[in-house]
Amino acid sequence: MGYTLPLFCMQFEAFCAGGLAPGWSLLVQGHSDSGEDKFEINFLSEAGDIAFHVKPRFSSATVVGNTFQGGRWGQEEVSSVFRLVLGEPFEMEVSSDEEHFHVHAQEHKVLQYAHRHRPLAAITRVQVLSDHRLAQVELARRDLSWWDGGH
C-alpha cells in the first residue's frame, strides 16, 4: 500500500554534515489546533531517501513510522499508543541510538523503530512539516547513555 506525501507547510528544516543518527534528538512542541493529520517528521538521507518518517494520525489515534528508499515505501509500523489530544498543546521527541529511532509523545514512548537505512551517518537532514502551530523545535546532540535512564 503506497501513498504520497501531502503538501504541508514546512516549519523546520536542519542539515548536519556529520549525520543526524545516532545521538541526535529532535524535540517539537506545538498545539494541535486542527482535526486534520497535517503533522509529520522526516529524517532524510544524502540521497534523498526518507530514512524515518513519523506521523501522528489524530483521525485513527495512531502513530505511524515508515521508510522511503529506492523509490518505494516500506511496511508501515503502527502504534496505537497515542498520547496526543486534539486541541491541546503537545510535545514529541524523536531520538536515535545505534539500533532504533525512539519516539516519545507527552513524555511516553509511543514507537520504537528499527533503523532500515544504513549507514546512519548518511542521514543528514531533518524536516518538520506541519499546519499545526509549533511553539518550539529543538535539535540537539545527546550522549547515547542519555536513554539509559528510562526516559
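This is a predicted model: local features need pLDDT of at least 70, side-chain atom pairs count only at pLDDT 80 or more; totals for chains, interfaces and linings use all residues.
Reader: How do the strands in the open sheet line up?

Author: Five strands make up that open sheet, in the order S10-S9-S8-S2-S12, and the pairing is antiparallel. S10 and strand S12 (133-141) are the edge strands, since each pairs on one side only. On average, neighbouring strands of this sheet are turned by 15° against each other, direction ignored.

Reader: And what holds strands of a sheet together in general?

Author: They pair through backbone hydrogen bonds, either parallel or antiparallel.

Reader: How many bridges join S2 to S8?

Author: Seven bridges join S2 to S8, and the two run antiparallel. One place to look is Leu26, whose bridge partner in S8 is Val94.

Reader: Changing topic. How much of the chain is buried?

Author: Of its 151 residues, 47% count as buried. The chain exposes about 7300 Å², and carbon and sulfur atoms supply 50% of that area.

Reader: Which residues have the most contacts inside the largest nonpolar core?

Author: Ile41, Phe43 and Phe52 do, in a core of 31 residues. Several strands give two or more residues to this core, among them strand S1 (10-15), strand S3 (39-45), strand S4 (50-57) and strand S11 (123-130).

Reader: What is Phe52 in contact with, leaving aside its neighbours within four places in sequence?

Author: The list includes Ile41, Phe43, Val94, Phe101, Leu111 and Tyr113. Gly65, Asn66 and Asn42 are on it too. Val94 is also the bridge partner of Leu26.

Reader: How is the pair of Phe39 and Phe90 arranged?

Author: Phe39 and Phe90 are edge-to-face, with 5.2 Å centre to centre and 65° between the planes. Phe39 lies in strand S3 and Phe90 in strand S8, so the pair ties together parts that are 51 residues apart in sequence.

Reader: Are Phe39 and Phe90 buried or exposed?

Author: Both Phe39 and Phe90 are buried.

Reader: What share of the contacts joins residues at least 24 apart?

Author: It is 64%, taken among contacts between residues at least 6 apart in sequence.

Reader: Now the backbone. Where is there a cis peptide bond?

Author: Arg118 and Pro119 are joined by one, with omega about 0°. Pro119 sits in the loop between S10 and S11. For context, most peptide bonds are trans, and most residues other than glycine have a negative phi.

Reader: Which residue has a positive phi of about 55°?

Author: Ala61 does, although it is not a glycine. Ala61 is in the loop between S4 and strand S5 (62-69).

Reader: Why does Ala61 count as partly exposed?

Author: Its relative accessibility is 35%, and partly exposed covers what is in between under 20% for buried and over 50% for exposed.

Reader: What about Glu107, what is its phi?

Author: Glu107 has a positive phi near 70°, again in a residue other than glycine. Glu107 lies in the loop between S9 and S10. With a relative accessible area of 61%, Glu107 is exposed.

Key
Residues are numbered from 1 along each chain as its sequence is written. Side-chain values use heavy atoms; hydrogens and water are left out. A nonpolar core is a set of buried Ala, Val, Leu, Ile, Met, Phe, Trp, Tyr and Cys residues joined through side-chain atoms within 4.5 Å. Buried means under 20% relative accessible area, exposed over 50%, partly exposed in between (1.4 Å probe, protein chains only). Helices (H or I, at least four residues) and strands (E, at least two) are DSSP runs, numbered from the N terminus. Contact means heavy atoms within 4.5 Å. Rings of Phe, Tyr and Trp (its six-membered ring) pair if their centres lie within 6.5 Å; planes under 30 degrees apart count as stacked, over 60 as edge-to-face and the rest as tilted. Two strands pair if DSSP finds at least two bridges between them. Axes are lines fitted to C-alpha atoms, for helices over the stretch in contact, and angles run from 0 to 180 degrees between N-to-C directions. Accessible areas come from the Shrake-Rupley method with a 1.4 Å probe; for residues, only the protein chains shown count as cover.
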